[in-house]
Amino acid sequence: MEDIEFEYPNAQRRITNRAHIGVVGSGDMEVLFEPSEGAWAHVSITTSVNGFQDAWKVVFDRFFSRFDGSVLIQVNDAGATPGSVLLRLEQAVEALGQ
């Protein structure tokens with residue numbers, strides 16, 4: 001197990017809703033979005049696959065290049081691929097708007 005944390009300052013949009021997408025299972029993951037206080041986003045990842053911090057950073061850098069929400073993100077991962085990670089993040093953003 002590995003725990004990874006990232007901070008993204010300068011979030012422009014206040015998020016007021018919560019979202020829970022996915023399940024923790026082999027090759028999958030769950031994402032939880034919660035509102036954060038202030039103009040920043042915080043990402044906390046717990047993954048069963050060690051040694052991929054750089055890959056996670058690339059995925060979240062790409063995600064936050066398009067998403068400007070002030071949010072706390074908790075990811076519980078069981079070996080999801082980067083494509084699956086982006087899909088779950090996009091699903092969570094969509095759920096925030098509903």
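## Strands, rings and a helix: a short tour

Strand β5 (residues 40-47) is mostly covered, with six of its eight residues buried; buried means under 20% relative accessible area, exposed over 50% and partly exposed in between, with a 1.4 Å probe and protein chains only. Keep in mind that this is a predicted model, where local features need pLDDT of at least 70, side-chain atom pairs count only at pLDDT 80 or more, and totals for chains, interfaces and linings use all residues. Residues are numbered from 1 along each chain as its sequence is written, and side-chain values use heavy atoms, leaving out hydrogens and water. The names of helices (H or I, at least four residues) and strands (E, at least two) come from DSSP runs, numbered from the N terminus.

**Strand β5 and its partners**

- β5 pairs with strand β1 (residues 2-9) in the antiparallel sense, over eight bridges; two strands pair if DSSP finds at least two bridges between them.
- In β5, His42 stands opposite Glu7.
- With β6, β5 pairs in the parallel sense over six bridges.
- Here Val43 stands opposite Ile73 in β6.
- Together, β5, α1 and β6 make a left-handed β-α-β unit. For handedness, a crossover is right-handed if, with the strands pointing away from the viewer, the path from the first strand over the helix to the second runs clockwise.

**Aromatic rings**

- A search of the whole structure finds 10 aromatic pairs. Rings of Phe, Tyr and Trp (its six-membered ring) pair if their centres lie within 6.5 Å; planes under 30 degrees apart count as stacked, over 60 as edge-to-face and the rest as tilted.
- Phe33 and Phe67 form a tilted pair, because their ring centres are 6.1 Å apart and their planes stand at 55°.
- Phe33 lies in strand β4 (residues 29-35) and Phe67 in the loop between α1 (53-64) and β6 (69-77), so this pair ties together parts that are 34 residues apart in sequence.
- Both partners are covered: Phe33 is buried at a relative accessible area of 1%, and Phe67 counts as buried at 6%.
- Trp56 and Phe60 make a stacked pair, at 6.3 Å centre to centre and 20° between the planes.
- Trp56 and Phe60 both sit in helix α1, four residues apart, about one turn of the helix.
- Trp56 is buried, with a relative accessible area of 7%, and Phe60 is buried too, with 0%.
- Ring pairs link Phe6, Tyr8, Phe33, Trp56, Phe60, Phe63, Phe64 and Phe67 into a cluster.

- Helix α2 (residues 82-96) has 15 residues, which at 1.5 Å a residue should span 21 Å, and its end C-alpha atoms are 21 Å apart, which agrees. The expected span is 1.5 Å times one less than the number of residues.
- Its buried residues are Val85, Leu86, Arg88, Leu89, Ala92 and Leu96.
- Seen down the axis of α2, these buried residues fall within an arc of 160°, so they line one face of the helix; the arc is that of the directions from the helix axis to the C-beta atoms.
- The buried residues of α2 pack against β3 (19-22), β4, α1 and β6, where contact means heavy atoms within 4.5 Å.
- Gly83 and Glu94 are exposed on the face of α2 turned away from its buried side.

**A residue to look up: Asn10**

- Asn10 is found in the loop between β1 and β2 (13-14).
- Its phi is near 65°, a positive value in a residue other than glycine.
- Most residues other than glycine have a negative phi.
- Asn10 is exposed, with a relative accessible area of 58%.
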